[in-house]
Amino acid sequence: MTLLTNPPRSTLPRPTWQTVSVNVILFGLFAASLWAVADLKINVATIIDSADNAVSFVGRIFPLDFPPIGELVTMTAQTLGIVLLATVLSVILSMFVALAAAHNTTPGTALRWGARAIIVVTRTIPELVLAILFLRLFGLGAVAGILALGLHSIGMVGKLYADAIEDTDPGPRDALRAAGASWWQQIVGGVFPQAMPAFVATALHRFDINLRASVILGYVGVSGIGLELSGALRTMNYQRGMALALFVVALCIVVELISGALRKMVLGDQAPAHRTIWTRMREKVATAQNGWLDRGAAATSEARARTAAARTADGNYRVSPPWTGERIRRTIYVVLFALALVFATWGAQIDLSRMADGFGSMFNTLSLFFPPGTGGIGSELWEQLLVTVQIALAATFIGLVVAVPVGLLAARNVAPTPGIAKGFRIFIVAVRGIPDLIFAIIVIVVTGLGATAGAIALSVGAIGLLSKLIADSVEETDVRVQQAVLAGGATRMQVLIGATVRQSGPAIVAHIFYQLDSNIRAATLLGVVGAGGIGFYLMNAARVMQFDVVTMVVVMIFVVVMAVEGLAIWVRRAIS
Amino acid sequence: MTDSDHSRLGASIDKILRPTISLSGVTKQFGPDLRALDDVSLEVYPGEVVALLGLSGSGKSTLLRLLDGLHLPTSGTVQVLGQDVGTARGRELRALRRKVGFVFQQFHLVGSMTVLENVCTGALGSLRGPRFGLMSYPKSVRLAAMEQLDRVGLADRPFQRADTLSGGQQQRVAVARALIQKPRILLADEPVASLDPESSAQVMALISRIASEDSLTVVCSLHQVDLALSWGHRLVGLRGGSLVLDKPVSQIDKNETMSIYSAVEPVSVGQPV
């Protein structure tokens with residue numbers, strides 16, 4: 001055994017190249033965010049100014065002018081139909097993409113990389129740009145919206161489906177393979193039943209997202225509520241515009257409540273232990289009946305009774321499941337879904353010959369988009385890209401500043417009392433219920449402040465998501481560490497900083513990057529509705545048919561998003 | 001003469017003619033470093049119940065999976081029911097697998113599916129196209145599935161979710177799923193290793209009863225020698241991928257059991273490897 005003859009002077013580990021650069025990156029982002037907040041003039045004076053603006057504006061939106069109920073129903077049906085068909089389209093396509101992308105089902109490496117490329121590309125191209133392309137191909141109406149939302153959704157749905165497939169137990173599929181089942185039989189019989197709850201939950205979640213996005217698509221000509229809304233705002237008919245915006249907010253919240261309940265039901269299906277009051281009552285009745293029959297005899301003849309099969313009148317085995325409440329309910333859902341699908345398809349007025357024409361001219365139309373060009377306004381585009389990034393940075397920063405205390409107080413293991421944690425959880429759920437893009441439209445229109453309003457509107461969404469993620473990751477920390485630190489005589493604050501936040505730090509950093517990433521995409525879309533930044537130029541280029549500029553903008557956003565994602569992956573790897 | 005007499009006679013004639021399973025010089029290599037099976041030759045005759053003994057990692061699972069074409073041999077030939085498993089592909093291989101039932105240690109049922117649908121999936125090999133949901137299977141298949149469920153003693157709960165059953169019951173469902181194939185061979189990979197002693201005995205009794213009722217050839221891997229001695233006709237031992245024991249149970253007397261342990265377990269010294 002040897003003792004250290006020269007004890008090290010320093011108590012800190014020697015800084016590595018990695019830790020230094022991670023610190024530089026994080027500090028750089030922090031500084032950039034402060035600069036964005038200052039440059040966008042997000043401060044008390046602006047808010048007071050905009051409050052004045054808002055007050056005078058509010059005078060102009062009242063009385064709210066709702067369209068006649070018949071019109072409202074028609075446009076709602078149009079929007080819901082487009083969103084439903086788009087989601088179904090993305091689900092069908094995503095199944096194939098996910099089967100090719102998941103490592104346990106992919107037929108080959110080449111297909112796997114192809115599928116992953118499809119996931120990345122569809123996620124990166126905004127639905128708005130796809131809509132511009134498809135409107136050009138298939139004309140105004142529903143089809144362009146369905147295709148745009150449907151294809152863009154593959155980026156998320158395909159990814160989550162592939163994850164769900166990779167999470168399945170290989171056993172059942174192995175058993176089917178051993179029984180001589182073909183590849184498709186193995187997949188449908190052994191893999192899909194396991195992944196089904198995740199498949200349905202993802203589809204419902206995507207339905208919510210597509211509903212929100214469909215409103216933005218109205219700005220470029222996709223039919224539905226969004227078209228009426230953008231038309232009203234463009235003609236400065238604010239009484240009608242705000243009425244529609246509020247209606248959309250309500251619609252989004254109602255749809256989200258319904259889909260949330262359905263999702264819970266589907267996912268709850270995985271845990272048979274879950275007992276509702278009804279199953280409990282049925283169990284009680286069942287035991288009571290047993291006792292009433294004959295307790296003693298039931299026990300002795302149990303073995304025989306157990307193997308008695310249910311038989312039909314002709315003495316055959318009963319081979320179709322009984323019509324339990326559960327089966328009836330499920331059948332009703334399936335029938336309703338099928339009806340909605342038929343109705344939506346009929347309502348979308350899909351003109352097959354028009355579609356065939358569109359596909360025929362696909363090549364010509366696509367060639368309008370290439371090569372990417374700046375349309376002679378290259379430097380302006382870069383400036384506006386910077387504004388978009390500023391909006392995203394500022395929104396993330398403001399979101400974070402609010403989300404840290406809110407998230408911590410919502411975490412059960414940090415909040416002083418369980419009541420406080422519950423209260424903040426409810427607050428988070430309420431904030432998350434606000435459809436951010438539509439909320440942004442309202443804020444932008446009401447305050448008339450462009451980029452500043454865009455940043456503030458987006459920060460609301462960031463507050464909701466970041467608070468939730470922070471609360472979740474803090475709750476997942478190892479409590480034993482906190483107890484150990486507490487046992488050492490630390491104060492509550494010391495425990496919080498030294499044990500709790502220290503543990504969830506890497507997760508929180510990852511969430512911040514994720515939020516920044518999605519804010520950049522959202523900020524682009526906000527430009528379309530008037531928040532400034534590159535989205536506005538995207539819209540204009542589409543309107544004056546400078547499609548090469550559209551492509552240029554897409555490429556620029558792609559580069560920025562990829563850079564942020566690359567940075568995120570690198571930082572995550574370095575700090576974990 | 002009864003049916004079972006017929007099949008017994010048939011079995012003894014077959015035994016003279018040709019084995020159901022025959023491995024000759026089979027080696028299976030996983031990557032450059034792992035040799036799971038090393039030059040194994042073995043013949044199993046119709047109606048035999050072979051207990052495959054060995055520790056985990058001795059190559060039992062690999063051997064069983066080779067017999068169903070779930071793995072391909074690196075060298076040597078594997079013949080099952082007169083067909084070369086190593087060269088069979090696609091439709092031909094699936095047709096062969098249909099005649100071979102497989103029971104796994106972890107049951108491999110889909111927990112969220114009903115018991116009856118799980119059994120029906122065993123019939124996929126003889127159906128065209130994928131199936132989803134119980135009612136997508138033809139009524140004849142569902143009736144056949146009920147018949148097999150009745151045989152394994154679970155006919156009273158066809159519409160229950162599979163994951164609500166106990167381990168022993170789940171394994172019986174898995175046996176029913178293998179039986180709906182109307183197999184001629186039943187392969188079982190540690191079928192009772194995840195079960196408590198009582199359920200283990202039930203499942204082993206079930207497999208042995210069905211083997212004689214349907215005159216199946218059975219290869220069943222086990223790691224408990226006492227179970228192997230009470231249910232097997234013949235013991236085959238593997239150790240480090242090599243065959244170290246092959247003896248009919250009738251020729252093993254009580255005093256020899258210890259030597260079987262030492263043949264399969266590496267603690268002993270001086271035993272052939």
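I took strands as DSSP runs of E of at least two residues and helices as runs of H or I of at least four, numbered from the N terminus. Strands pair if DSSP finds at least two bridges between them. S4(B) (residues 75–80) and S5(B) pair over 2 bridges. I noted that B:Val80 has B:Gln83 in S5(B) as its bridge partner.

The model is predicted; local features need pLDDT of at least 70, side-chain atom pairs count only at pLDDT 80 or more, and totals for chains, interfaces and linings use all residues. Residues are numbered from 1 along each chain as its sequence is written, and chains are lettered from A and ligands numbered from 1 in the order written.

Next I checked the domains of chain B, with bounds from an automatic or database assignment. Domain 1 is 44–71 + 90–99 + 183–265, and domain 2 is 109–182. I found 14 residues of domain 1 of chain B in contact with 12 of domain 2 of chain B (C-beta atoms, placed from the backbone, within 7 Å). On the domain 1 side, H7(B) gives the largest share, 6 residues.

Last, I looked at H6(A). A kink of about 40° is centred on A:Ile154 (the angle between axes fitted to the seven residues ending there and the seven starting there).

Terms used. Contact = placed C-beta atoms within 7 Å.
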